[in-house]
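Please look over the model below before reading on.

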Amino acid sequence: MAVCAACENDLRMVGPVDADADGLAFQRAADEAVASLEGHYGGKALPASEWFSLARYFVTLLRKMGMGKTEGLMALARSFGVDTDALQAPATGLAIELLPVDERAALLGDAWKFMSGNPNDFLKAAQRASLTVQSLREPRQRLPATIEKLVIELPDKRTVRVGRAEREPFKPYSRQAVMRMWARFQRKM
């Protein structure tokens, strides 16, 4: 246990490193959720599976904030005390379990700032930031029930995508369209 498995250095010679207080608070809450089979959010007891689903949602939201940096999401993060300048796009697209330790600790610490708050505060902050249902919904992930109840109260502003206008079948292309296709063809060569 005193020797690093990766670099084989003696770990007893390494100085102590201060851990993030929010990251430690998240770890304690996660340990408690595993031990008691329930976690707490906003003063309410949740089953451990729902609590961890909520944690994953906030981590995913933070990663989305790091990639997009939209003003509404940044305002939401700032209202919970998250340092938006420290949010970065993930270096890899890996799952949180496979991220480097410092990156994972920062994400979980910031997720704790959301989880230690109140669901009503989350809704009010989202409304102040003018967020919509789409900005807080992740298409590949089902929303936790706790968040879904809040998100449905936000405005729903779906954008309707329209396909390309179809060209008449036997009408020749315009000169500009032909030149665009020719340039694309030359780039592929």
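The points below take the pockets, the cavity and the helices in turn.

1. Ground rules. This is a predicted model, in which local features need pLDDT of at least 70, side-chain atom pairs count only at pLDDT 80 or more, and totals for chains, interfaces and linings use all residues. Residues are numbered from 1 along each chain as its sequence is written, and side-chain values use heavy atoms, with hydrogens and water left out.

2. Largest pocket. A pocket is an open set of points on a 1 Å grid over the protein atoms alone, with protein on both sides within 12 Å along at least five of seven lines; lining residues have an atom within 4 Å of a point. Volume is the space filled by probe spheres set on the points, which are joined across faces, edges and corners. The largest pocket holds about 420 Å³. Its lining has 16 residues, with Phe 26, Gln 27, Arg 104, Ala 105 and Leu 108 closest to the centre.

3. Who lines it. Helices here are DSSP runs (H or I, at least four residues), numbered from the N terminus. H1 (21-36), H2 (48-68) and H4 (101-115) each give at least two residues to the lining of the largest pocket. That lining counts ten nonpolar, two polar and four charged residues. Nonpolar means Ala, Val, Leu, Ile, Met, Phe, Trp, Tyr, Cys and Pro; charged means Asp, Glu, Lys and Arg; the others, Gly among them, are polar.

4. Second largest pocket. The volume here is about 350 Å³. There are 17 lining residues, and Ala 86, Gln 88, Glu 103, Ala 106 and Leu 107 lie nearest the centre. H2 and H4 each supply at least two of the lining residues. The largest share, six residues, is from H4. By class, the lining splits into eight nonpolar, one polar and eight charged.

5. Cavity. A cavity is a set of grid points where a 1.4 Å probe fits but cannot get out. How many cavities of 30 Å³ or more are there? The count is one. The largest cavity has a volume of about 40 Å³. Its lining is Tyr 57, Thr 60, Leu 61, Lys 64, Ser 135, Leu 136, Arg 137 and Glu 138. H2 and H6 (133-136) each give two or more of these residues. H2 gives the most, with four.

6. H2 itself. The expected span of a helix is 1.5 Å times one less than its number of residues. H2 has 21 residues, so it should span 30 Å, and its end C-alpha atoms are 30 Å apart, which agrees. Lys 69 follows H2 and has a positive phi, near 50°.

7. Packing of H1 and H2. These helices pack at about 155°, with axes 9 Å apart. Axes are lines fitted to C-alpha atoms over the stretch in contact, and angles run from 0 to 180 degrees between N-to-C directions. H1 and H2 are therefore roughly antiparallel (an angle over 145 degrees).

Key:
Parallel < 35°, antiparallel > 145°, perpendicular 65-115°, else oblique.
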